[in-house]
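My entries follow in the order I made them.

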Amino acid sequence: MSPRTNQSAPESGHEGRPEAEPTPATLRAAETTPEEGATSGADGASGGPVAGSAEPVGGGDRLAALRRFSAAGRRWRSVQLGLCAASLAVALTAGAVVFGAVRDTGRTAPVASTSGALSPALLAGGDLDGSIRSLQAHLRAQPRDFGGWSTLGLAYVEQARTKGDPSRYPQAQRALDRALALRPDNDAALAGRAALAAARHDFTGALTYADRALKQNPYSERALSSRIDALVELGRYTDASKAADLADARRPGVPVFTRYAYVHELRGDVRSARRVLEQALSTATSRGDIAYVATALGQLAWNQGQYKTALGHYARALAADENYLPALEGRARAQAAQGDTADAIRGMEQVVDRYPLPQPLVELGELYEARGKEGDRAKARDQYALVDAWVSLARANGVDADLDTALAAADHGDHEAALKAARAEWARRHTVHTADALAWALHMSGRDREALPYARQATATGYRNAVFLYHRGTIERALGRTDQARASLASALRLNPGFSPVGAREARKALEATK
């Protein structure tokens, strides 16, 4: 499985680029005790729920919890696995958000300044946890502040993704539902629901909520951004391009610029994508925005096989924020592509220790496979098992994880499960990424004739992706289409010769066999 490069602005779940805001610290595996009592507003209404916060601690606790969950999953039946997922959710978040009544805690901390579309600076700079604590304190004192509930809900969405913790999504939904109960059709809460739906990979729902939010506020940056995300993830690329143009006209800025660039990249216009990202970087002022956009430029360069350029962008991102995990992950990937396996493994281990999500887990497993030292095969299997654990946790919290399942299982797991997941995802949305996943799952199940049309569809928009070309070439070779296979495999390696530690090696072998 190769990296899927998606670095969209405080994202709504782009499947094509790594969901780009990860800057998590691990969380203490402890349970928060619900507070008793109630807070009343001026009209005597119950104060309602305010979440207990999770305190970041040193790396490794979250990964250890995921390992325990993975081990339990191998021993228990599926029903018991659901219970384990709930337990792990508590461990990962340092306790569930308490959506019962809370007692008045006295003085209220000042509310952090947060916009309707959270800036990447909040995510990269470590301010998100502090902002959530301030909002919680504020809402204990002002429980009827629908704007505060809207912001809290959106902050939970971002926290879920940045910490790799899908158990935050139900908490986000309750906060946003609270905001809408207090003020129906307020645009901030509707935009938050759009972001939440997209984070759960419900892109049809995301589009519906984004459109509702824009009816209330046509200039909502979050809604404009989520609308682009939803259209991209539904495979409606022409509509996404129009939505990006509209968003750029109404609310130009880093969140819109990065999405605008990605739409261009999907259509094969790398030059325009680079130009837009460079423009975004020139306007970025906060350390978080600089790290975010520089990393997007690094990933764009890496996709084109420009590893030295990519490393330069990642260096700039890390100069702005030395702990910015997307940049650390990208740097490790570029190091691996240049043959620096030792540094790549150290870097990816650092990422996985704090951000154990499917993509970096698989990448680390493949790096172990490529290194091939004693014990590396077992280490690789461990990473792939953790992907299964994360997928189970995600599904327990309302996330559609079929694409993650299809991509990981096709290469490193159960081929039947991969195909089932890929078919389910394709039934929901027709994108270049779902087409590629279905093509590869069909190939791994020995159904190459059925796979080829999907492989062709994945490469039809002009999107320059070496993985797609490798998959297509492999399928063409299996069908005896030697000339076509040679062209596809050569294109993959010419575009990005280090696209995957395992895949690139197999592509070279396959290309040699066609001569």
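**Entry 1: the chain as a whole**

I started with burial: 59% of the 515 residues in the protein chain are buried (under 20% relative accessible area; exposed is over 50%, partly exposed in between; 1.4 Å probe, protein chains only). This is a predicted model, where local features need pLDDT of at least 70, side-chain atom pairs count only at pLDDT 80 or more, and totals for chains, interfaces and linings use all residues. Residues are numbered from 1 along each chain as its sequence is written, and side-chain values use heavy atoms, with hydrogens and water left out.

I listed 25 helices and two strands in the protein chain. These are DSSP runs numbered from the N terminus, helices being H or I with at least four residues and strands E with at least two. The chain exposes about 19300 Å², and carbon and sulfur atoms supply 48% of that area (Shrake-Rupley method, 1.4 Å probe; for residues, only the protein chains shown count as cover). I then took the contacts with a separation of 6 or more: 66% of them join residues 24 or more positions apart. Contact means heavy atoms within 4.5 Å.

**Entry 2: confidence**

I checked pLDDT, the predictor's confidence in each residue, from 0 to 100. The chain mean is 79, and 75% of the residues reach 70 or more. Over residues 73-125 the pLDDT is below 50, yet this stretch has 136 contacts in the model beyond near neighbours in sequence. Residues 51-58 also stay under 50, with 31 contacts beyond four places in sequence.

**Entry 3: the core**

Which residues have the most contacts inside the largest nonpolar core? I found Val 232, Trp 302 and Phe 499, in a core of 141 residues. Helix H13 (residues 287-303) gives the most to this core, with ten residues. Such a core is a set of buried Ala, Val, Leu, Ile, Met, Phe, Trp, Tyr and Cys residues joined through side-chain atoms within 4.5 Å.

Helix H6 (residues 168-182) has 15 residues and reaches 21 Å from first C-alpha to last, close to the 21 Å expected (1.5 Å times one less than its number of residues). Its buried residues include Arg 168, Gln 171 and Leu 176.

Asp 185 sits in the loop between H6 and helix H7 (187-199). Its phi is near 65°, and it is partly exposed at 33% relative accessible area. His 201, in the loop between H7 and helix H8 (203-216), has phi near 70°. His 201 counts as buried because its relative accessibility is 14%. Most residues other than glycine have a negative phi.

**Entry 4: two more residues**

Arg 267 lies in the loop between helix H11 (254-266) and helix H12 (270-283). Arg 267 is partly exposed, at 43% relative accessibility. Its C-alpha is 5.4 Å from that of Tyr 463, 196 residues away along the chain. Beyond four places in sequence, its contacts include Tyr 237, Ser 241 and Thr 461.

Buried or exposed: which is Leu 438? Leu 438, in helix H21 (residues 432-444), is buried at 1% relative accessible area. Beyond four places in sequence, Leu 438 touches residues including Leu 419, Trp 426 and Tyr 454.
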